[in-house]
Amino acid sequence: MLLLLYIYLSLISSGVNVKIMVQIETSSYEETIEYAKKLGSVLKGGEVIAYFGGLGMGKTTFTSGLCEGMGITAEVSSPTFALVNEYGNNKKLYHFDMYRISSFDDLCSTGFFDYLDSNAVLAIEWSENIENALPENYIRIEIEHGKTESSRIFKMSGDKIYEDSWS
Ligand SMILES: Nc1ncnc2c1ncn2[C@@H]1O[C@H](COP(=O)(O)OP(=O)(O)OP(=O)(O)O)[C@@H](O)[C@H]1O
Ligand SMILES: [Mg+2]
């Protein structure tokens with residue numbers, strides 16, 4: 001198992017809200033699922049998870065692992081045409097694809113702002129397109145290619161309370 005773990009402790013400290021950034025590298029689809037499951041299992045509801053990273057980087061894969069970790073059984077696929085897919089019953093996850101969103105009106109039409117006020121987890125592919133509309137507190141996941149075809153580097157930043165699930 002290829003795993004690189006760097007913890008950069010605390011760039012920003014605003015009040016008691018300490019932010020951290022963690023970088024991990026996975027070497028397979030399955031390993032990405034395992035990491036995402038750990039994060040999914042500690043989500044309380046209301047978190048916004050914003051992915052940054054291009055085609056085929058593993059955003060949908062990660063979301064699938066999040067659902068598993070939240071105890072949601074679902075076939076997760078990119079919501080390319082629907083723009084948003086809903087998963088779960090008690091615990092809910094809304095999975096957005098913002099690839100085609102280019103205006104504020106487009107964004108409103110996805111229901112994004114209504115879902116933000118709900119107690120659901122929001123997982124957002126192509127957050128590059130809506131970065132200005134993200135709330136102040138969100139979990140940012142930047143994904144890059146590693147050295148091999150199936151390696152992916154995840155740079156995750158957010159509240160320190162999620163740190164244990166990333167290491
Ligand atoms: N380490 C890895 N982690 C996740 N996926 C991997 C990894 N290595 C290879 N893959 C492959 O990369 C692809 C990732 O697809 P996925 O749909 O998750 O990407 P995506 O970022 O959602 O793409 P899109 O922007 O097209 O929606 C899958 O085919 C998966 O098998
Ligand atoms: Mg996808």
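1. Start in the sheet, at strand S6. This is a predicted model, and in it S6 is joined by 5 bridges to strand S7 (residues 121–125), with the two strands running parallel. If you want one pair to click on, tyrosine 94 has leucine 122 as its bridge partner in S7.

2. Now look to the other partner of S6. Strand S5 (residues 84–87) is joined to S6 by 4 bridges, and this pair runs antiparallel. Here valine 84 has phenylalanine 96 as its bridge partner in S6. S5 and S6 make a hairpin, with 5 residues between them. In that turn sits glycine 88, with a positive phi of about 95°.

3. How many residues of S6 (residues 93–97) are buried? The count is 5 of 5, so the strand is mostly covered, where buried means that 20 or more other C-beta atoms lie within 10 Å of a residue's own. Both faces are covered. Leu93, His95 and Asp97 are on one side, and Tyr94 and Phe96 on the other.

4. Step back for the whole chain. The protein chain has 5 helices and 9 strands. Their order from the N terminus is β-β-β-α-β-α-β-β-α-α-β-β-β-α. Of its 167 residues, 31% are buried. As for contacts between residues at least 6 apart in sequence, 63% of them join residues at least 24 apart.

5. H2 is mostly covered, with 10 of its 12 residues buried. Among them are Lys59, Thr61, Phe62, Leu66, Cys67 and Met70.

6. On to the length of H2. From first C-alpha to last, its 12 residues reach 17 Å, close to the 16 Å expected at 1.5 Å a residue. The helix is followed by glycine 71, whose phi is positive, near 85°.

7. Helix H1 can be checked in the same way. At 1.5 Å a residue, its 14 residues should span 20 Å, and the end C-alpha atoms are 21 Å apart, which agrees. The buried residues in H1 include Glu31, Thr32, Tyr35, Ala36, Leu39 and Gly40. An α-helix has 3.6 residues a turn, so residues three or four places apart point the same way.

8. Where does ligand 1 sit? It is surrounded by 17 residues, and the closest are Thr32, Gly58, Lys59, Thr60 and Thr61. Helix H1 (29–42) and helix H2 (59–70) each supply at least two residues of this shell. H2 gives the largest share, 3 residues. By class, the shell has 3 nonpolar, 11 polar and 3 charged residues.

9. Which residues does valine 42 contact, leaving aside its neighbours within four places in sequence? They are Tyr162 and Ser165. The C-alpha atoms of valine 42 and aspartate 164 are separated by 9.3 Å, although the two residues are 122 apart along the chain.

10. Lastly, two backbone angles to look over. Most residues other than glycine have a negative phi. Leucine 83 has a positive value, near 70°, and its place is in the loop between H2 and S5. Tryptophan 126 also has a positive phi, near 60°, and its place is in the loop between S7 and strand S8 (139–145).

11. Are those two residues buried or partly exposed? Leucine 83 has 19 other C-beta atoms within 10 Å, so it counts as partly exposed. Tryptophan 126 has 20 C-beta neighbours inside 10 Å and therefore counts as buried. The cut-off for buried is 20 or more.

Note on methods:
Residues numbered from 1 in each chain as written. Chains lettered and ligands numbered in written order. Predicted model: local features only at pLDDT ≥ 70, side-chain atom pairs only at ≥ 80, totals over all residues. Contact = placed C-beta atoms within 7 Å. Near = placed C-beta within 6 Å. Nonpolar A, V, L, I, M, F, W, Y, C, P; charged D, E, K, R; others polar. Pairing = 2+ DSSP bridges. Expected span 1.5 Å × (residues − 1).
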